[in-house]
Amino acid sequence: MRKYLPSIVLCIFFEFIAVLLWRIKGNSFYFLNFSYIGCSISIGSFLYIKKYKHARRVVQLLVGMYMLVYLGLICKENMQIEGFWYYLFMGAFEAATIHYVIAKIFGPLLFGRGWCGYACWTAMVLDFLPYKIPRHPRRRIGWIRYITFLGSLLFVAALFVMKVNDLETILFWAFVVGNGLYYTVGVILAFLFEDNRAFCKYICPITIFLKPMSYFALFRVECDESKCISCGKCKTVCPMDVDMTDDSRRRKNGTECILCMECVKICPKKAL
Ligand code: SF4
Ligand code: SF4
Ligand code: SF4
């Protein structure tokens, strides 16, 4: 039963959020939304425990498609970073602000960058590309993410300063165009750098929220050094260039790991 504990904890966590927001906001959408996400994640972790090799991809598709197609395109909620700035400037704790607070700002204290491994609709597509394992060492161009972060903030701030009408329509189209751009740049970079996750490593502005809290995450991969035989296999499968064998509390280990569990699966000594 102990092995199912992560699935149960995650399910309870999301159900707690679902009920809490439903009661606070008086809106059953929050109950259905977070129950669905919690169930999808629990199903994925259950499938992982059952050793189904595509467990992570199942969760990515269940959550990613729901957020991209249903919330984004059908309900016209901008769940991108621009939507977060929009609701923040409005002083409203709604849709994107709730999503960011739970998935990307405080949630990482519990599940680190699990969002990046299991729920992000950008990575959902990028992970289909052929370079699952990077073919070259990481480049020192991670500073680009600060430019995209600032760009998104200035874009929404400018809309407010200029008192533009019909902000919601503009934000819907910003969501459509922004995602188109993310996918285009993500795919080009993946082929250019031979690394599916190049966009995540260098461009994505959301990592500025995700990384600091992930450092303190409760769920993390740790190495039992008494079992490790230093075979190095775990390092050869990591999409994020993390070396879990040295010290899982190092900054890179804590803030880059997306909990994909590829290293855990390949370890011959079950040291991770
Ligand atoms: S780094 Fe950004 S694009 Fe990559 S998975 Fe995380 S949120 Fe998605
Ligand atoms: S392979 Fe291991 S260290 Fe690398 S991202 Fe996946 S879980 Fe984290
Ligand atoms: S795969 Fe396992 S045994 Fe090999 S280096 Fe990694 S943690 Fe150690």
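Is K51 buried or exposed? Keep that question in mind for point 6; here are some friendly notes to read beside the structure.

1. **What kind of model this is.** Please remember that this is a predicted model. The protein has 15 helices and 0 strands. Its radius of gyration is 19 Å, close to the 19 Å that the globule rule gives for 272 residues, so the protein is as compact as a globular protein of that length. Along the principal axes, the C-alpha atoms fill a box of roughly 60 × 45 × 30 Å. Of the 272 residues, 38% count as buried. If you look at contacts with a separation of 6 or more, 70% of them come from residues 24 or more positions apart.

2. **Helices α1 and α2.** Two packed helices are described by the angle between their axes and the distance between the axes. On the α1 side, the residues making the contact include L10, F14, A18, L21 and W22. On the α2 side, they include F31, F34, G38, I41 and S45. By class, the contact of α1 with α2 has 16 nonpolar, 6 polar and 2 charged residues.

3. **Helices α2 and α3.** Now follow the chain from helix α2 (residues 28–49) to helix α3 (residues 55–74). These two pack at an angle of about 170 degrees, with their axes 8 Å apart, and that makes α2 roughly antiparallel to α3. Y36, I37, S40, I41, G44, L47 and Y48 are the α2 residues in this contact, and they meet A55, R56, V58, V59, L62, V63 and Y66 of α3. The contact of α2 with α3 divides into 11 nonpolar, 2 polar and 1 charged residues.

4. **Helices α5 and α12.** Here is a pair with another kind of crossing. The axes of helix α5 (residues 95–106) and helix α12 (residues 207–214) come within 7 Å and cross at roughly 55 degrees. α5 and α12 are therefore oblique to each other.

5. **A helix on the inside.** Which residues of α4 are buried? They are I81, E82, G83, F84, W85, Y86 and Y87. Since 7 of the 10 residues of helix α4 (residues 81–90) are buried, α4 is largely enclosed by the rest of the structure. What covers the buried residues of α4 includes α5, α9 (144–161) and α10 (167–193). Just after α4, G91 takes a positive phi of about 70 degrees.

6. **Two lysines with positive phi.** Most residues other than glycine have a negative phi. K51 is not a glycine, yet its phi is positive, at about 65 degrees. You will find K51 in the loop between α2 and α3. As for the opening question, K51 is exposed, with 8 other C-beta atoms within 10 Å. K270 also has a positive phi, near 50 degrees, and K270 lies in the segment after α15 (262–266). With 9 C-beta neighbours inside 10 Å, K270 counts as exposed.

7. **Around ligand 1.** The shell of ligand 1 is made of C116, C120, T122, A123, F199, C200, C204, I206 and T207. At least two residues of this shell come from α8 (121–126), and at least two from α11 (198–202). By class, the shell around ligand 1 has 7 nonpolar, 2 polar and no charged residues.

8. **Around ligands 2 and 3.** Ligand 2 is surrounded by 14 residues, of which C238, V242, C257, C260 and C263 are the closest. That shell divides into 13 nonpolar, no polar and 1 charged residues. Ligand 3 has 13 residues around it, with C228, C231, K233, C234 and C267 coming nearest. The classes around ligand 3 are 8 nonpolar, 3 polar and 2 charged.

Terms used
Residues are numbered from 1 along each chain as its sequence is written. Chains are lettered from A and ligands numbered from 1 in the order in which they are written. This is a predicted model: local features need pLDDT of at least 70, side-chain atom pairs count only at pLDDT 80 or more; totals for chains, interfaces and linings use all residues. A residue is near a molecule or strand if its C-beta atom, placed from the backbone, lies within 6 Å of it. Helices (H or I, at least four residues) and strands (E, at least two) are DSSP runs, numbered from the N terminus. Ala, Val, Leu, Ile, Met, Phe, Trp, Tyr, Cys and Pro count as nonpolar, Asp, Glu, Lys and Arg as charged, and the others, Gly among them, as polar. The radius of gyration is taken over C-alpha atoms; the globule rule is 2.2 Å times the number of residues to the power 0.38. A residue is buried if 20 or more other C-beta atoms lie within 10 Å of its own, exposed if 12 or fewer, and partly exposed in between; C-beta atoms are placed from the backbone. Two residues are in contact if their C-beta atoms, placed from the backbone, lie within 7 Å. Axes are lines fitted to C-alpha atoms, for helices over the stretch in contact, and angles run from 0 to 180 degrees between N-to-C directions. Angles under 35 degrees count as roughly parallel, over 145 as roughly antiparallel, 65 to 115 as roughly perpendicular and the rest as oblique.
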